Amino acid sequence: MSEELTMAELFNTYTSPDLVKEATSRPTLRSGAYLLTAKKVTPRVGDERSPWPGRKSINVQYQAEKDGAVAGTLFVEADFDSTQAEKYRTKSGRQDKLTRLWGHLVDTLDAKEKSVGETIERILQYPVMGQVQEVFTTGTDSEGKNIYKQPKSEEERATFIKAGYEAFNSVTSIRKVK
């Protein structure tokens, strides 16, 4: 038999911030390969709040599928402005992720001799395979930079979620559908 609570008791009872944080967190996809179908492409220039002010890029909204079922929605940012590519190289001299993903799209969609506009049309026309990582922000280092970790098992993933770590997805590569 259940017991009744009084309103006085409820006015002295508060919801845990951790409960709300976990309940309202964005769902993420597990790491793996997904069939990506573009639903929308938005060309843009980074504003002053962007990590890359003035950088020209596209934001692609993809529907992700796994084993024939819709798994979720992913967003991919890719930089098409080759005149700025040198500016965004990593410390080790490699292309940064945004430039590299644009290169993957151009190669995957056979658009090497196509304009950016024609490449965007192909992005909207043809599905691609995307390698997706599920990553958790687990804290900050001594310099205040975020520490990112990928769970190595379902148990570790559950531990990250229980600890309140924020999860996100990152598309790390794009290739042709086999």
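Biologist: Hello! What relative accessible area does T37 have?

Modeller: This is a predicted model, where local features need pLDDT of at least 70, side-chain atom pairs count only at pLDDT 80 or more, and totals for chains, interfaces and linings use all residues. Residues are numbered from 1 along each chain as its sequence is written, and side-chain values use heavy atoms, leaving out hydrogens and water. With a 1.4 Å probe and protein chains only, buried means under 20% relative accessible area, exposed over 50%, and partly exposed in between. T37 counts as partly exposed because its relative accessible area is 21%.

Biologist: Which residues does T37 touch, leaving aside those up to four places away in sequence?

Modeller: T37 lies in strand 1, residues 32-45; strands (E, at least two residues) and helices (H or I, at least four) are DSSP runs numbered from the N terminus. Contact here means heavy atoms within 4.5 Å. By that rule, and not counting residues up to four places away, the partners of T37 are Q61, Y62, Q63, E65 and P127.

Biologist: What distance separates the C-alpha atoms of T37 and V128?

Modeller: Along the chain, these two residues are 91 residues apart.

Biologist: Which residue in the turn between strand 2 and strand 3 has a positive phi?

Modeller: Those strands form a hairpin with two residues between them. The residue sits in the loop between strand 2 and strand 3 and has a phi of about 55° although it is not a glycine.

Biologist: Where is D110, with its positive phi?

Modeller: Phi of D110 is near 50°, again in a residue other than glycine. D110 is exposed, with a relative accessible area of 52%. Its place is in the loop between helix 3 and helix 4 (116-125).

Biologist: Which element gives the largest share of the lining of the largest pocket?

Modeller: On a 1 Å grid over the protein atoms alone, a pocket is an open set of points with protein on both sides within 12 Å along at least five of seven lines, and lining residues have an atom within 4 Å of a point. This pocket is lined by 27 residues, with F75, K97, F168, N169 and S170 nearest its centre. Strand 3 (69-78), helix 3 (97-108), strand 4 (128-140) and strand 6 (166-175) each give two or more residues to the lining. The largest share, seven residues, comes from strand 3.

Biologist: What volume does the second largest pocket have?

Modeller: Its lining has 18 residues, and K21, E22, S25, I161 and Y165 lie nearest the centre. A volume is the space filled by probe spheres set on the grid points, which are joined across faces, edges and corners. The largest pocket holds about 790 Å³. The second largest pocket has about 360 Å³.

Biologist: How many charged residues are in the lining of the second largest pocket?

Modeller: Asp, Glu, Lys and Arg count as charged; Ala, Val, Leu, Ile, Met, Phe, Trp, Tyr, Cys and Pro as nonpolar; and the others, Gly among them, as polar. This lining has seven nonpolar and three polar residues, and the charged ones number eight.

Biologist: What is the angle between the planes of Y148 and F168?

Modeller: Rings of Phe, Tyr and Trp (its six-membered ring) pair if their centres lie within 6.5 Å; planes under 30 degrees apart count as stacked, over 60 as edge-to-face and the rest as tilted. By this rule there are four aromatic pairs. Y148 and F168 form one that is edge-to-face, at 5.6 Å centre to centre and with an angle of 85°.

Biologist: Why does that pair tie together separate parts of the sequence, and how many residues apart are they?

Modeller: Y148 is partly exposed at 48% relative accessibility, and F168 is partly exposed at 25%. Because Y148 lies in strand 5 and F168 in strand 6, the pair ties together parts whose separation in sequence is 20 residues.

How values were computed. On a 1 Å grid over the protein atoms alone, a cavity is a set of points where a 1.4 Å probe fits but cannot get out, and a pocket is an open set with protein on both sides within 12 Å along at least five of seven lines; lining residues have an atom within 4 Å of a point. Two strands pair if DSSP finds at least two bridges between them.
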